[in-house]
Amino acid sequence: SSGINAEWPLRPGHYYYTNNLRGMVFYFKTVVNGREYMIYMGRDKMENEDLLRWGFPEDVWFHVDKLSSAHVYLRLNKGEGVADIPKELVDQCCQLVKANSIQGCKLANVDIVYTPYPNLKKTGDMVAGQVGFHKNKKVVKVNVEKNNEVWKKLEKTREEREVDLQEERNRREREEQEELKKQKKLQREMEKLQIEKEKKEREMKSYKLMNADPEKCTSNQFDNESDAERELVDDFM
């Protein structure tokens, strides 16, 4: 894995996960291709570190490469992956993270890296704000030129909320478990219906075999009876 100093300057060794799980988080809204998306970032280094701890699996993490900056997260809709992110949406996230970099905001262009949240790696020996990646091949790098209009438009949607980050993820996991239970229940019901359908088909097939061509069965029966009668007549004579 590789590491990146993903936080504003701070004193190494003088940071810890806050015990108060309620953090101030900035939320932004945007609509791209008719779909609404939420973008969010921490207010300061404390929230940024907690966001690293309590992100969602569908989140995508953005950061200025090789420079300190805010942690910006894009929350994808269900079923979407990094490859599905529209270019316009990538640019919005990049402009937001660039604008929230002390050094990056002053530059005409910067490199931005982004990766799925599950690819972020945080170990105990890393200083606050430092993160690594489980797989470098899952990290995308793009060069972005300054576009103040894009991030200013996002800024107009900014909403600051106090959030219990752990409870947010716990609730998401509970909802996911409930959805999984519903899917398994539906699957069992479908399997039960299929079994009943196959049973009825077998019974119908068996019934048809037993009652196939009634006229033929009657004729055979008559022929057999005639043969028996002829044998009795022959014996008598």
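Reader: Which residues line the largest pocket, and what makes it a pocket and not a cavity?

Author: The lining consists of Phe56, Glu58, Arg75, Lys78, Glu168, Arg171, Arg172, Glu175, Glu176 and Glu179. The term rests on a 1 Å grid over the protein atoms alone: a cavity is a set of points where a 1.4 Å probe fits but cannot get out, whereas a pocket is an open set with protein on both sides within 12 Å along at least five of seven lines, and its lining residues have an atom within 4 Å of a point. The model is predicted, so local features need pLDDT of at least 70 and side-chain atom pairs pLDDT 80 or more, while totals for chains, interfaces and linings use all residues. Residues are numbered from 1 along each chain as its sequence is written, and side-chain values use heavy atoms, without hydrogens and water.

Reader: What volume does the largest pocket have, and which helix gives the most to its lining?

Author: Its volume is about 210 Å³, taken as the space filled by probe spheres set on grid points joined across faces, edges and corners. Helix H4 (residues 165–210) gives the most to the lining, with six residues. Helices (H or I, at least four residues) and strands (E, at least two) are DSSP runs numbered from the N terminus.

Reader: What is the composition of the lining of the second largest pocket, and which strand gives the most to it?

Author: This pocket holds about 170 Å³ of space. Its lining comprises Tyr27, Lys29, Glu36, Tyr37, Met38, Glu58, Arg75, Leu76, Asn77, Lys78 and Arg161, which divide into six charged, four nonpolar and one polar. Strand S2 (22–32) and strand S3 (35–42) each supply at least two of the lining residues, and S3 gives the most, with three.

Reader: Why is glutamate 49 called buried?

Author: Glutamate 49 has a relative accessible area of 3%, and buried means under 20%, exposed over 50%, and partly exposed in between (1.4 Å probe, protein chains only). Glutamate 49 is therefore classed as buried. Its helix, H1 (residues 45–54), is mostly covered, with seven of its ten residues buried: Glu47, Asn48, Glu49, Asp50, Leu51, Leu52 and Trp54.

Reader: What makes the contact of glutamate 49 with lysine 122 a salt bridge?

Author: Their side chains meet at 2.7 Å, N to O. A salt bridge requires a side-chain nitrogen of Lys or Arg within 4 Å of a carboxyl oxygen of Asp or Glu, so the pair qualifies. The pair links distant parts of the chain, 73 residues apart: glutamate 49 lies in helix H1, and lysine 122 in the loop between strand S7 (120–121) and strand S8 (130–133). Lysine 122, with a relative accessible area of 28%, is partly exposed. The structure holds 13 salt bridges.

Reader: Why does the pair of lysine 181 and glutamate 178 count as a salt bridge?

Author: The N to O distance is 3.9 Å, so the pair meets the criterion. The two residues stand three apart in helix H4, about one helical turn. Lysine 181 is exposed, with a relative accessible area of 53%, whereas glutamate 178, at 43%, is partly exposed. Elsewhere, salt bridges that share partners join Glu58, Arg172 and Glu176 into one network.

Note on methods. Ala, Val, Leu, Ile, Met, Phe, Trp, Tyr, Cys and Pro count as nonpolar, Asp, Glu, Lys and Arg as charged, and the others, Gly among them, as polar.
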